[in-house]
Amino acid sequence: MALAYIGIAIGVLIVLILIVKISRTSPREVAGIDGYCKKCGLETRGLNCPKCEKKSKSFGV
């Protein structure tokens, strides 16, 4: 019986932590992806920046 109470307490604690994280997260933040390039500031929506990425494609050689 004591193990059941401990399990319930841990479950409630995890739920409270997740609720706090959700309330502090901005609704515009999606999975931690930056919408802008860190180097030039161009909007990339999480993709590679066409201005800053390497221009030469060497196929791993």
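## Nonpolar patch

Patches are made of residues with over 30% relative accessible area and no salt bridge; like charges are joined within 9 Å, and nonpolar side chains (Val, Leu, Ile, Met, Phe, Trp, Tyr) within 5 Å. A salt bridge is a Lys or Arg side-chain nitrogen within 4 Å of a carboxyl oxygen of Asp or Glu. In this predicted model, local features need pLDDT of at least 70, side-chain atom pairs count only at pLDDT 80 or more, and totals for chains, interfaces and linings use all residues. Residues are numbered from 1 along each chain as its sequence is written, and side-chain values use heavy atoms, without hydrogens and water.

Met1, Tyr5, Ile8, Val12, Val15, Leu16 and Ile19 make a nonpolar surface patch of about 760 Å². Isoleucine 8 sits in helix H1, residues 2–24.

## Fold and surface

The protein has one helix (a DSSP run of H or I, at least four residues) and zero strands (E, at least two). Its accessible surface is about 6000 Å², by the Shrake-Rupley method with a 1.4 Å probe. Carbon and sulfur atoms hold 65% of that surface. Of the 61 residues, 5% count as buried, meaning under 20% relative accessible area.

## Cysteines

Cysteine 37 is buried, at 14%. Cysteine 40 is partly exposed, at 39%, between the two cut-offs. The closest cysteine sulfur to that of cysteine 40 is in cysteine 49, 3.6 Å away, too far for a bond. A disulfide needs two cysteine sulfur atoms within 2.5 Å. The structure holds zero disulfides.

Definitions and conventions. Buried means under 20% relative accessible area, exposed over 50%, partly exposed in between (1.4 Å probe, protein chains only).
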